[in-house]
Amino acid sequence: MNFKLKNIPSQKGRIAIVTGANNGIGFETTLAMANYDFKVIMACRNLAKAEKAKSDILQKMPDADLDILQLDLSDLESVKAFANNFKNKYNQLDVLINNAGVLIYSGKKNKEGIELQFATNHLGHFLLTNLLLELMPDNSASRIVALSSIAHKEARIHFGDLNCETTDDKGAAYGQSKLANLMFADELNRRLKKNNKKIIALAVHPGGSDSGLFDEMSKVMYYTFKILSPFILHSNASAAKPTLFAALSPEVKGGEYFGPQGFMEFRGKVGVAKRSDYSKREDIALELWQLSEEMTEQSFEV
Ligand SMILES: NC(=O)c1ccc[n+]([C@@H]2O[C@H](COP(=O)([O-])OP(=O)(O)OC[C@H]3O[C@@H](n4cnc5c(N)ncnc54)[C@H](OP(=O)(O)O)[C@@H]3O)[C@@H](O)[C@H]2O)c1
């Protein structure tokens, strides 16, 4: 791969949305995108945290062009309101980074009774993308980037039990949601291609980084994680690199999946990431797509 993040030309005039921009990998992604002169819309559920993140970025980069719009991905009404607010202010979207996510299984559900990881990580982003796609110029620099995870590899879509209530595996719901992120990117890209669109949908995983994702772990797990993470994981800034590569490299193709290439794929240079055979199944991706349309009561134009 010849592409270098440091060689990216100014992206002035282009607009990006980063979900979960206030913390961790989303914060670093926002900072880097602003540095490339994107106007970055910080799509965050907590406005106070978003304002703090924005002012942290402006301190480092006074010229950063940032806007905050409220978005709670677990709430379909909030996703619709966000899309309307965005469309009232802007008439173009160049890059959509579906970054926000929750890791720890709480058993909590949204208003519609959907478990929060599936609702937030997958369904909210599915609807958001659906509502914003029409604003994307039809060229290969227009990107939809999904944040998946190594955790997708052992996962399945539990069509009969999307809330993962019949399993004792507390990681099943997160794995399922990250698998859904990857399969949604694939299916979206297949549909874009079929419709002769040049817009690219693709996925990445960030490896591992000590972000806010692990804050809700049990105390023992949390402190073990804090001790080990500096030795095996990388920084949130490094974890943002696969996202930036997918969003900006002219070398990428739709449907590709990138991540770090080093120790256990936790860190290292960005390259093509390993994925499970299950994640490649087009029949499952199609079933997930149709179910997501039913659950969001919204069908994709593409
Ligand atoms: N860090 C890792 O090791 C790792 C590994 C694999 C994949 N990932 C993926 O990377 C992405 C970024 O995570 P991170 O590691 O940067 O974690 P993080 O620091 O916890 O950031 C997650 C972001 O998502 C936001 N968010 C959570 N629920 C939301 C909701 N309902 N609506 C809108 N925003 C919501 C959070 O907002 P609040 O601040 O309001 O909670 C926060 O801004 C996630 O998709 C995650 O699955 C991370």
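## Exercises around strand E6

Residues are numbered from 1 along each chain as its sequence is written. This is a predicted model, in which local features need pLDDT of at least 70, side-chain atom pairs count only at pLDDT 80 or more, and totals for chains, interfaces and linings use all residues.

**Exercise 1.** Find the strands that pair with E6.

*Solution.* Start with the rule: two strands pair if DSSP finds at least two bridges between them. E7 (residues 257-260) runs parallel to E6 and is joined to it by two bridges. Next, look at E5 (residues 143-147), which pairs with E6 in the parallel sense over five bridges. Within this pairing, Leu 202 is the bridge partner of Val 145. Finally, trace the chain from E5 through helix H5 (residues 172-194) to E6: this β-α-β crossover is right-handed, meaning that with the strands pointing away from the viewer, the path from the first strand over the helix to the second runs clockwise.

**Exercise 2.** Decide whether the residues of E6 are buried or exposed.

*Solution.* Count the other C-beta atoms, placed from the backbone, within 10 Å of a residue's own: 20 or more means buried, 12 or fewer exposed, and in between partly exposed. Five of the five residues of E6 (residues 200-204) are buried, so the strand is largely enclosed by the rest of the structure. Now sort them by direction: Ile 200, Leu 202 and Val 204 point one way, Ala 201 and Ala 203 the other.

Conventions: Helices (H or I, at least four residues) and strands (E, at least two) are DSSP runs, numbered from the N terminus.
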